[in-house]
Amino acid sequence: MQRFIDAAPGIRLWTEQRGPADAPPLLLVMGAQATGIGWPEPLVDALAEHHRVIRYDHRDTGRSTWAFEERPYRIADLATDVRAVLDGLGIGRAHLVGMSLGGMLAQMVLADHPDRCLSATLIGTSALSTTPYTRPDGSTVPAGELPGIAPEVLELWSRPVEEHGEAAEVARRITHWRVLAGDRLPFDADWFRALERRVIAHTGHHRTSTAHGRAATDGMLRTDRLAANEVPTLVISAPAEPVFPPPHPQHLAQCVRGARLVEIPGMGHALPPAVHNPLTAAILAHTAAATD
């Protein structure tokens, strides 16, 4: 079931619900510049066997309002949108599953509005905390000195997105996914091509917005509140992650009080078929334990 939610004056967000209406709600929060269609269909279907699954398009993605030029916003406003989606659908509390930027938005909701969270699952993201990372040997590393984004990713992100038609844009996105997916699992270009074609069909065009990269990042740190967390939290560790490489997941699990860490073998900063089953199993085990 699809529905638009009014998140703010002049801002409408596309949402989709799947699964039993009376099942525990689970909200999927995608990363920067990514639509809700970025959550793969088999993963959504598997989660919907046990949950009322909601996915949505951020502002300036998919079918939601594209208006950054007229109404610039902060990343923190995207976290407010998470609550707006829940409010618009009449959901008091939900399991949150956030990927990349979506994991940061989930952290902000977790910290500021724990009463809205049944649980949180954080994937491919970094801690909104200044707490140092403690290595296994007991030594510490300042949060700001943890490994940065892989050079090949930064090089891709530094290239201007030029208009050469839909086929060229799909090819550009596949190149992007090849780097994001890491080097530990075979890369299926056809699978990612089909994904991007679904995204383009859903959006209605192949333009790429840069709004999230230009949105203000002030007011995102939640060091003390994450350290006082009481919401059941799962951190997914992806060993081939090129954006927030290890030990970012380990650091995040240390920063969020009570968080558990689960590694998905071979996973990078993408959701190819090879990770669907172990990721689904990890999420469902976590939400079941939290619900009980």
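**Chatting about a sheet and its helices**

Visitor: What order do the strands of the open sheet have?

Guide: In this predicted model, eight strands form an open sheet in the order β1-β2-β4-β3-β5-β6-β9-β10, and the pairing is mixed.

Visitor: Okay, and which ones are the edge strands?
Guide: Those are β1 (2-8) and β10 (260-263), each of which pairs on one side only.

Visitor: By how much are neighbouring strands turned against each other?
Guide: By 25° on average, ignoring direction.

Visitor: Helices now! What does α1 touch on the sheet?
Guide: Helix α1 (residues 41-48) packs there against β2, β3 (25-29) and β4 (52-56). The direction of α1 makes about 145° with that of β4.

Visitor: And which strands does α2 touch?
Guide: Helix α2 (residues 75-88) also packs on the sheet, touching β1, β2, β3, β4 and β5 (94-99). The direction of α2 makes about 130° with that of β1.

Visitor: Which residues of α9 are buried?
Guide: His248, Pro249, His251, Leu252, Ala253 and Cys255.

Visitor: What do those buried residues pack against?
Guide: Both helices and strands: α3 (101-112), β6 (117-123), β7 (133-134), α8 (223-227), β9 (233-237) and β10.

How values were computed:
Residues numbered from 1 in each chain as written. Predicted model: local features only at pLDDT ≥ 70, side-chain atom pairs only at ≥ 80, totals over all residues. Heavy atoms only, no water. Pairing = 2+ DSSP bridges. Helix = DSSP H or I, 4+ residues; strand = E, 2+ residues; numbered from the N terminus. Axes fitted to C-alpha atoms, helices over the stretch in contact; angles between N-to-C directions. Contact = heavy atoms within 4.5 Å. Buried < 20%, exposed > 50% of the residue type's maximum accessible area, 1.4 Å probe, protein only.
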